[in-house]
Amino acid sequence: MTKLDQLIQQFRNEIGADFISTDVVGVDEGLSVAGGSIDPNFNAADASARFSMIMKLAAKACSKVGMGKVDENLTTTDKAYIIARFIGDGSFYWEVAVTRNATLGSLRVIMNEYADKFWDGIPR
Amino acid sequence: MGMKGNLHDMAVADLIQHNCQDLKTAQLTIQHSGQQAVLYFMEGNLAHAVLGNQTGEEVVYQILTWEDGNFDLETGIKPPKTSITRNWSGLLFEGAKRIDENELVNKSFQSEDNIYPEANKMSKLDDILKEMSNEVTGYIACAVVGTDGINIASHSSNKSADPEAISAQMTQLLKLVDSSVEKLGAGSIEDNLTTTENAYLLMRFLPGKQYYLSIAANRKTGNLGNMRLLSKMYTERLSKAMPH
């Protein structure tokens, strides 16, 4: 188990029963380097590819209208919260999906704690 | 396919709205008191207007005051040039405002609501956005935007924020997020919040998903909870005030 896998496991444990999926994804390729989904209906590889496109478009759109660099994108659906956050130099992003029962404020605080650790844990 | 009629049966504002909402490409010729005006629609936009030697927006404002005359609509005819860039709802709103200011409203009508109900509803949307701007912490700008990326109402606290440019860019993002979560089976989207180094940008669909409310707030002074709560409250109000 890599350092990043261990960190992801710790993160999952902190989220608890509301956890659905998390992946650390290369922005350019849209491929996950670590993570996975515990919900068979939520395809982590598909999510990684799709949110890679979303993060690239968000970065481009916000830059064009002078809003500066994108930090994260939070999507709320009737089933889930999905947060995608750029980490490190922005070449990777970290995507987390949790149920609507999760406490959004707590999730963001936990993500703040782990973001730099995840970046350091990416194999290079 | 063409259509002919009388302005008593269908007012100029209704003709414009009808052609734009149906995304038509067409030529509309209107005869009134010996004058002839020609309007050209291109894929739902009013692109060009001619009246004698005049062209552009001013022609539209003038013919909006015409209450009698005949019209002839021919579809499939493209505009020979573009003299109008403002969106159709903005034109109708401005036209209604000018009529009101110049007291050209025919007294036989009891209220402006009878003439341009759609334009009046636009004015209500503007009022609601203005009210919301006073409640959003760190407020920068807000808009009600169609899924075509065009604002139907907007408000901005400073000149550096361009609601039209923001809407055009962010609509693409919202549509991509919407289609992505649907394909992932992750449910039906309620809102999307993008956080940048400078700003929070929240987008929330109005019921029916044809329009959405976008709010931009300062990253340093804005408050996420405040934005999300207000967006829920005001989405309901805006939905009720929307033209149908």
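Two strands are said to pair if DSSP finds at least two bridges between them. Helices (H or I, at least four residues) and strands (E, at least two) are DSSP runs, numbered from the N terminus. This is a predicted model, in which local features need pLDDT of at least 70, side-chain atom pairs count only at pLDDT 80 or more, and totals for chains, interfaces and linings use all residues. Residues are numbered from 1 along each chain as its sequence is written, while chains are lettered from A and ligands numbered from 1 in the order in which they are written.

**Stop 1: a sheet built from both chains**

Select strand E1 (residues 19–26) of chain A together with E2(A); they pair in the antiparallel sense over five bridges. Within this pair, Val25(A) has Ser32(A) of E2(A) as its bridge partner.

Now extend the selection to the open sheet of 10 strands, whose order is E2(A)-E1(A)-E5(A)-E4(A)-E3(A)-E9(B)-E10(B)-E11(B)-E7(B)-E8(B), with antiparallel pairing. Its edge strands are strand E2 (32–37) of chain A and strand E8 (151–156) of chain B, each of which pairs on one side only. Neighbouring strands of this sheet are turned by 10° against each other on average, direction ignored. For such angles, axes are lines fitted to C-alpha atoms, for helices over the stretch in contact, and angles run from 0 to 180 degrees between N-to-C directions.

Which strand of chain B does E3(A) pair with? The partner is strand E9 (residues 189–196) of chain B, joined to E3(A) in the antiparallel sense over seven bridges. Thr76(A) has Asp191(B) as its bridge partner there.

**Stop 2: the contact between the chains**

Next, select the residues where the chains touch. Two residues are in contact if their C-beta atoms, placed from the backbone, lie within 7 Å. The contact takes 30 residues from chain A and 28 residues from chain B. On the side of chain A that touches chain B, the elements giving two or more residues are helix H2 (44–64), strand E3 (70–77) and strand E4 (80–87) of chain A. H2(A) gives the most to that side, with 10 residues. The residues of that side divide into 15 nonpolar, seven polar and eight charged. Here Ala, Val, Leu, Ile, Met, Phe, Trp, Tyr, Cys and Pro count as nonpolar, Asp, Glu, Lys and Arg as charged, and the others, Gly among them, as polar.

Select H2(A) with helix H5 (residues 163–184) of chain B. Their axes come within 9 Å and cross at roughly 170°, which makes H2(A) roughly antiparallel to H5(B). Angles under 35 degrees count as roughly parallel, over 145 as roughly antiparallel, 65 to 115 as roughly perpendicular and the rest as oblique. Residues that meet here include Met53(A), Ile54(A) and Leu57(A) in H2(A) and Leu173(B), Leu176(B) and Val177(B) in H5(B). By class, this contact of H2(A) with H5(B) has 11 nonpolar, three polar and three charged residues.

H2(A) also lies across E1, E2, E3, E4 and strand E5 (92–99) of chain A together with E9 of chain B, running at about 60° to E1(A).

**Stop 3: two helices of chain A**

Turn to H1(A) and helix H3 (residues 104–121) of chain A, whose axes come within 10 Å and cross at roughly 175°. That makes H1(A) roughly antiparallel to H3(A). Among the residues making the contact are Leu7(A) and Phe11(A) of H1(A), and Ile110(A) and Tyr114(A) of H3(A). Just after H1(A), Gly16(A) takes a positive phi of about 80°.

**Stop 4**

Chain B has six helices and 11 strands. Select its open sheet of six strands, in the order E1-E6-E2-E3-E4-E5 (chain B), with antiparallel pairing. Strand E1 (3–6) and strand E5 (54–55) of chain B stand at the edges, each with a single partner strand, so one side of each is left without a neighbour in the sheet.

Strand E2 (residues 26–32) and strand E6 (residues 70–75) of chain B run antiparallel and are joined by six bridges. Thr29(B) stands opposite Asp72(B) in E6(B). Helix H1 (residues 12–21) of chain B packs on the sheet, touching E2, strand E3 (35–42), strand E4 (45–51) and E6 of chain B, and its direction makes about 175° with that of E2(B).
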